[in-house]
Amino acid sequence: MNFDGNFYNPSEEVVNNAHIKDWNKLNKFASENPEKFWTSMAEELHWFKKWDKFLDESNAPFYQFFVNAKTNITYNCLDVHKNSYRRNKLAYIWEGEDGSTRSISYNELYNEVCKFSNVLKSMNVQKGDIVTIYMGRVPELVIAMLACARIGAVHSVVYGGFSTESLHERIEDSVSKVVITCDGAYQRGKLVNLKDITDGAVDRSGVVQHVICVKRTGQEVNMLAGRDMWYHELMQLPIASIHCKAEQTDAEDPLFILYTSGTTGKPKAILHTHGGYMVGVYASLKYVFDIKDEDRYWCAADPGWITGHSYIVYGPLLNGTTSIIYEGAPNFPFPDRWWEIVEKYGVNILYTAPTAIRGLMRFGDAWAKRHDLSSLRLLGSVGEPINPEAWRWYNEVIGDGKCPIMDTWWQTETGMFMITPMPCMPLKPGSGTKPFPGIEMDILDEEGNSVADNEEGFLVIKNPWPSMMRTIYGNDERYVEQYWQKYPGMYMTGDSARRDSDGYYWVIGRVDDVIKVSGYRLGTAEIESALVSYPDVAEAAAIGLPHELKGNAIHCFVILKSGVTNADELPDKLKLHIRHEVGPIAVPEKIEIVDKLPKTRSGKIMRRVLKAQALGQDPGNLSTLED
């Protein structure tokens, strides 16, 4: 890429070899003919029955796409490739933190998914049932997700870093009668006992009938007779046949729920469906990361988050690509572990988070320069805005100045990239460039007017799109209230942004009470609820403050109950309590004990005032404060 003082421009070679050579032309077509644009993408996939209508808006904002079509996302992920020249192509190359490896072809993945689909059927898992999956980064996690989808069941993947409390809450909310877990996982050379955490969650729940456990570490775990079964033993039974036809699902049948933090304490389950989600993730990965048949693609996220669902599991398999999955930490045992993997497997595309980039950048250039990274063709960033300094390091040191960086903005709710470049586009460090073709976005002020260039405002999406969430599972009212109420007819993202004079979007951050730590969304209410559940704490407030590596770090303020005498020891005890109640990712950087909190007259904690005070900034208008 050459820098012209304003833009980093892709080389002629990159543009000439890209699927899309002229973004403006594609964007014009998609804007003028959204139905033709999306249905042309859909027609590249298999449908048991085609749609009667592209979009039904009669019950907005509960939009429906590809009305009355019949499909199954796993048919397009597996059967299509098994029945083609890709049959023996690798679907996944997996590397464990301990150095163990596995390679899985499309044919083998098909067989394993069919076998596990039959296992789930034998446990009376039926179409529409929700199955909770709580695992480390192992291939069986992908197999479990696909097996659920194949039989029309709905998967609910819970990130393996969450605590017993958080897992229990999600099992109860989704009424899962089957939970799939591992004995343990490796993390920085240590064992995390996932089965113990699962047992703690399941023992409290009256809904779980079966726990299936994958043997990863071989550590001793408790197996309750009649409830707990080993995955490998089930997969050897006669019921585990390699033949299992994909259930014909309606385009609007639920595919998965995924919990994400909101502005209230209770995490909300975002619901996605088979048809529209499939089209969105297929098209976005194909065009943004310019997927070629010979590519080796590595999304270095966790399958437990939406990035993993869309761009480790479904997007890559729909495109018939070969993906890398790595189990462990980026810098274990040394800071060049990722660069070693890129060199070893000839990775062409690397998609990761700014937190990881900043973390590896800290160790300097030498670790990366020990390795041949010349196989890389494209780089990507996800989870939060990437600061220009990290963007330039990623570009120059990892990409050798020749790999365009696809800086993507999207959400669990959107299912797919919403603001993103394509390889043919000029780039600006820190900007996600423009909305994906077919997506109409704007930045509004409080009254709903478009703001001027370079002014900050509320980021909204003005038209429905196929991969959008359909609702919050079990709570249609909350769905309407949270996403569609502020600006009727427009989807409220909850992020603030600005748009420059070139039409490039710059996402600034959350406007609601959600903190992004290392790209993970954590609700302030969830952290505060956990703090207040500690016997000595009367009130609590959590805020996010800028952090060099994590993007944001959690800082908490607590008011103690009267008569508490052990105040000096409490911050450390409260950190342990948060770890237990929510999980390690939610542990605050700092906990301050205070006498009072800034509140409005209606009792709402003014977190912006706490944030301004912590940063030494002007707290602004305080006229609404109670005191």
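I began with salt bridges, taking one to be a side-chain nitrogen of Lys or Arg within 4 Å of a carboxyl oxygen of Asp or Glu. By that rule I get 37 salt bridges.

Before going on, a note on the model: it is predicted, so I keep local features at pLDDT of at least 70 and side-chain atom pairs at pLDDT 80 or more, while totals for chains, interfaces and linings use all residues. Residues are numbered from 1 along each chain as its sequence is written, and side-chain values use heavy atoms, with hydrogens and water left out.

**Entry: salt bridges**

I looked up Glu 32 and found a salt bridge to Lys 28, with the closest N and O atoms 3.0 Å apart. Both residues sit in helix H2 (residues 23-32), 4 residues apart, which is about one turn of the helix. Helices here are DSSP runs of H or I with at least four residues, strands are runs of E with at least two, and both are numbered from the N terminus. Glu 32 counts as exposed because its relative accessible area is 51%.

Next came Glu 252 and Arg 470, whose side chains meet in a salt bridge at 2.8 Å, N to O. This pair links distant parts of the chain, 218 residues apart: Glu 252 is in the loop between strand S15 (249-250) and strand S16 (254-260), and Arg 470 is in the loop between strand S24 (457-461) and strand S25 (471-472). Both Glu 252 and Arg 470 are buried.

I then checked Asp 502, which forms a salt bridge with Lys 428; the closest N and O atoms are 2.6 Å apart. Asp 502 is partly exposed because its relative accessibility is 32%, whereas Lys 428 is buried, at 7%.

I also noted a network of salt bridges that links Lys 195, Asp 199, Asp 203, Arg 227 and Asp 228.

**Entry: a helix pair**

Two packed helices are described by the angle between their axes and the distance between the axes. How do helix H17 (residues 524-532) and helix H18 (residues 570-581) cross? Their axes come within 9 Å and cross at roughly 120°. Angles under 35 degrees are roughly parallel, over 145 roughly antiparallel, 65 to 115 roughly perpendicular, and the rest oblique. H17 and H18 are therefore oblique to each other.

For the contact (heavy atoms within 4.5 Å), I list Ile 527, Ala 530 and Leu 531 from H17, and Leu 574, His 577, Ile 578 and Glu 581 from H18.

**Entry: backbone points**

I found a cis peptide bond between Ala 60 and Pro 61, with omega about 5°. Pro 61 is in the loop between strand S3 (53-56) and strand S4 (64-67). Another cis peptide bond joins Phe 332 and Pro 333, with omega about 0°. Pro 333 is in the loop between strand S19 (322-326) and helix H12 (337-345).

Which phi does Asp 400 have? It is near 55°, a positive value in a residue other than glycine. Asp 400 lies in the loop between helix H15 (388-398) and S22, and it counts as exposed at 58% relative accessibility. Asn 454 also shows a positive phi, about 65°, although it is not a glycine. I place Asn 454 in the loop between S23 and S24, where it is partly exposed, at 45%.

**Entry: buried spots**

How many residues of helix H13 (residues 354-361) are buried? I count 8 of its 8, among them Arg 358 and Met 361. Their cover includes H12, strand S20 (349-352), strand S21 (378-381), H15 and strand S31 (551-560).

Last, I looked up Thr 132 in strand S8 (residues 130-134). Thr 132 is buried because its relative accessible area is 0%. Leaving out residues up to four places away in sequence, Thr 132 touches residues including Ser 156, Val 158, Leu 167 and Ile 171.

Methods:
Buried < 20%, exposed > 50% of the residue type's maximum accessible area, 1.4 Å probe, protein only. Axes fitted to C-alpha atoms, helices over the stretch in contact; angles between N-to-C directions.
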